[in-house]
Amino acid sequence: MDEVIKVKVCVGSSCHIKGSYDVIDKLNELILKEQLDDKIVLEASFCLGNCLLAVNLLANEILIHNLNINNCEEKFYSEIKPLIK
């Protein structure tokens with residue numbers, strides 16, 4: 001069985017204010033576009049720390065900072081998708 005990538009997007013106060021729900025929507029759109037819904041599990045998470053660098057997410061326990069609606073696609077292709085084996 002192929003490995004499943006678990007992606008947890010912080011929805012704590014700071015990340016929420018900085019657009020975490022927009023990031024979740026965009027990531028979900030990209031996952032479906034790339035037909036990776038069987039390889040990437042997207043979840044909301046409470047505070048991941050590093051609130052000054054919000055929006056934060058964990059992808060297979062790798063912390064990714066400073067996500068927003070403008071850079072979400074680039075970070076998906078450069079930092080999340082390459083984790084798929």
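Which residue just after α2 takes a positive phi? I will come to that in a moment, after a word on what we are looking at. This is a predicted model, in which local features need pLDDT of at least 70 and side-chain atom pairs count only at pLDDT 80 or more, while totals for chains, interfaces and linings use all residues. Residues are numbered from 1 along each chain as its sequence is written, and side-chain values use heavy atoms, with hydrogens and water left out.

The residue in question is Q35, whose phi is about 55°.

Let me begin with helix α2 itself, which covers residues 20-33.

The buried residues of α2 are S20, V23, I24, K26, L27, L30 and I31, where buried means under 20% relative accessible area, exposed means over 50%, and partly exposed lies in between, with a 1.4 Å probe and protein chains only. These buried residues pack against β1 (5-10), α1 (13-17), β2 (40-45), β3 (57-59) and α3 (72-80).

That brings me to the largest nonpolar core, which has 25 residues; such a core is a set of buried Ala, Val, Leu, Ile, Met, Phe, Trp, Tyr and Cys residues joined through side-chain atoms within 4.5 Å. The members that touch the most others are V7, V9, L27, I40, L57, F76 and I80. At least two residues of this core come from each of β1, α2, β3 and α3, and the largest share, five residues, is supplied by α2. If we set aside its neighbours within four places in sequence, L27 is in contact, meaning heavy atoms within 4.5 Å, with V7, V9, L42, L57, C72, F76 and I80.

Now to the charged side chains, where the count comes to four salt bridges, each being a side-chain nitrogen of Lys or Arg within 4 Å of a carboxyl oxygen of Asp or Glu. In one of them, E29 meets K26 at 3.1 Å, N to O, and both lie in helix α2, three residues apart, about one turn of the helix. K26 counts as buried because its relative accessibility is 18%, whereas E29, at 46%, counts as partly exposed.

K26 also forms a salt bridge with E73, with the closest N and O atoms 3.8 Å apart. K26 lies in helix α2 and E73 in helix α3, so this pair ties together parts that are 47 residues apart in sequence.

E34 and K81 form a further salt bridge, their closest N and O atoms being 3.1 Å apart. Here E34 lies in the loop between α2 and β2 and K81 in the segment after α3, so this pair, too, ties together parts that are 47 residues apart in sequence. Through shared partners, salt bridges join K26, E29 and E73 into one network.

Finally, the cysteines: a search of the whole structure finds zero disulfides, a disulfide being a pair of cysteine sulfur atoms within 2.5 Å. The sulfur of C15 is 3.5 Å from its closest cysteine sulfur, in C10, which is too far for a bond. For C47 the closest cysteine sulfur is in C51, at 3.7 Å, again too far for a bond.

Notes
Helices (H or I, at least four residues) and strands (E, at least two) are DSSP runs, numbered from the N terminus. The expected span of a helix is 1.5 Å times one less than its number of residues.
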